[in-house]
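Me: Could you walk me through the pockets and the packing of this one? I'd like the cut-offs as we go.

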Amino acid sequence: MESTFFISHGSPMMSIDESIPARHFLGAWKETVFPQRPKAILIISGHWDTKEPSVNVVHRNETIYDFYNFPKPMYQLKYPAPGAPELAKRVKELLLASGFTRVNEDTKRGLDHGAWVPLMFMYPEADVPVCQLSIQSHRDGTYHYNLGKALEPLKEEGILILGSGSTTHNLRDIHFGDAPVPAWASEFDTWLKDALLEGRYEDVNHYDEKAPHAKKAHPWPDHFYPLHVAMGAAGVNAKAKLIHHSWTNGTLSYASYEFTKNS
């Protein structure tokens, strides 16, 4: 695998709402973005936040409905992808070898909606094994970049590394209908795009100091750190490419990026 990816999964409504543009981007994943079939997928979702890095070590992934008061059909969707216990052990091995002092194994947890909702469109057959790795929201961007860096060897082993979060994620400031994008969201989104495409990864690691409206775009960093993991896992001097861009709810950016190592 030459590339790693960060995708913005936005609202869980994408699972049933065909009007969300990112749904069509993800549905065309195998045709237009990534035609190779991965041996397994390692997904880092903003919805699994733990004190230390954790991997799920299961043989079959349960579908976790970690959203509330949404339409009933969403709770009937299933994504029964096989687990990837060998990949989980390999992730643990790489992280421990890179100086992370503790990596926990969760033998019960399945896939949260930050994982299964996008995967449902990307790999609808649910036949590619999936392992999930948690984020640590009390740590910073550099920590998550280094977490990704430790995982770089997986790319040579046929593993697709996928960060799943959101380019902007302020749930206290979302709108309904065709609301215009406010300046703070647009300026943060544009700053990130420019920083990534220009290779200013150190600035992105310190986005909380460097980016305009950083605290407004991410009152909590959990949905942004999967980007840092994908960025780090691509390798030093990786090239970023914007592969999708759309908005919903006025302030939710679905900007998604591919990171490719310069050969």
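Reply: What follows goes through the pockets, one histidine and the nonpolar cores.
Reply: This is a predicted model, in which local features need pLDDT of at least 70 and side-chain atom pairs count only at pLDDT 80 or more, while totals for chains, interfaces and linings use all residues. Residues are numbered from 1 along each chain as its sequence is written, and side-chain values use heavy atoms, with hydrogens and water left out.

Me: ok, what volume does the largest pocket have?
Reply: About 710 Å³, where a pocket is an open set of points on a 1 Å grid over the protein atoms alone, at which a 1.4 Å probe fits, with protein on both sides within 12 Å along at least five of seven lines. The volume is the space filled by probe spheres set on those points, which are joined across faces, edges and corners.

Me: and which residues lie nearest its centre?
Reply: S11, P12, L171, I174 and L252, out of 34 lining residues, lining meaning an atom within 4 Å of a point. The elements giving two or more residues to this lining are β2 (40-49) and β8 (247-248), strands being DSSP E runs of at least two residues and helices H or I runs of at least four, numbered from the N terminus.

Me: how does that lining divide by class?
Reply: Into 15 nonpolar, 14 polar and five charged residues, with Ala, Val, Leu, Ile, Met, Phe, Trp, Tyr, Cys and Pro counted as nonpolar, Asp, Glu, Lys and Arg as charged, and the others, Gly among them, as polar.

Me: what about the second largest pocket, which helix gives the most there?
Reply: Helix α3 (residues 85-97), with four residues; the pocket has a volume of about 190 Å³, and its lining has seven nonpolar, one polar and four charged residues.

Me: switching topic: is H144 buried or exposed?
Reply: H144, in helix α5 (residues 141-150), is buried because its relative accessible area is 0%, and buried means under 20% with a 1.4 Å probe and protein chains only. A polar atom of the H144 side chain lies 3.0 Å from the backbone nitrogen of Q136.

Me: last one, which residues have the most contacts inside the largest nonpolar core?
Reply: L42, L196 and F259, in a core of 51 residues, a core being a set of buried Ala, Val, Leu, Ile, Met, Phe, Trp, Tyr and Cys residues joined through side-chain atoms within 4.5 Å. Helix α6 (residues 183-197) gives the most to this core, with seven residues. A second, separate core of 34 residues includes V33, F67, M122 and L160.

How values were computed: Buried < 20%, exposed > 50% of the residue type's maximum accessible area, 1.4 Å probe, protein only. Polar contact = N/O pair within 3.5 Å; in protein donor to acceptor, adjacent residues only side chain to side chain.
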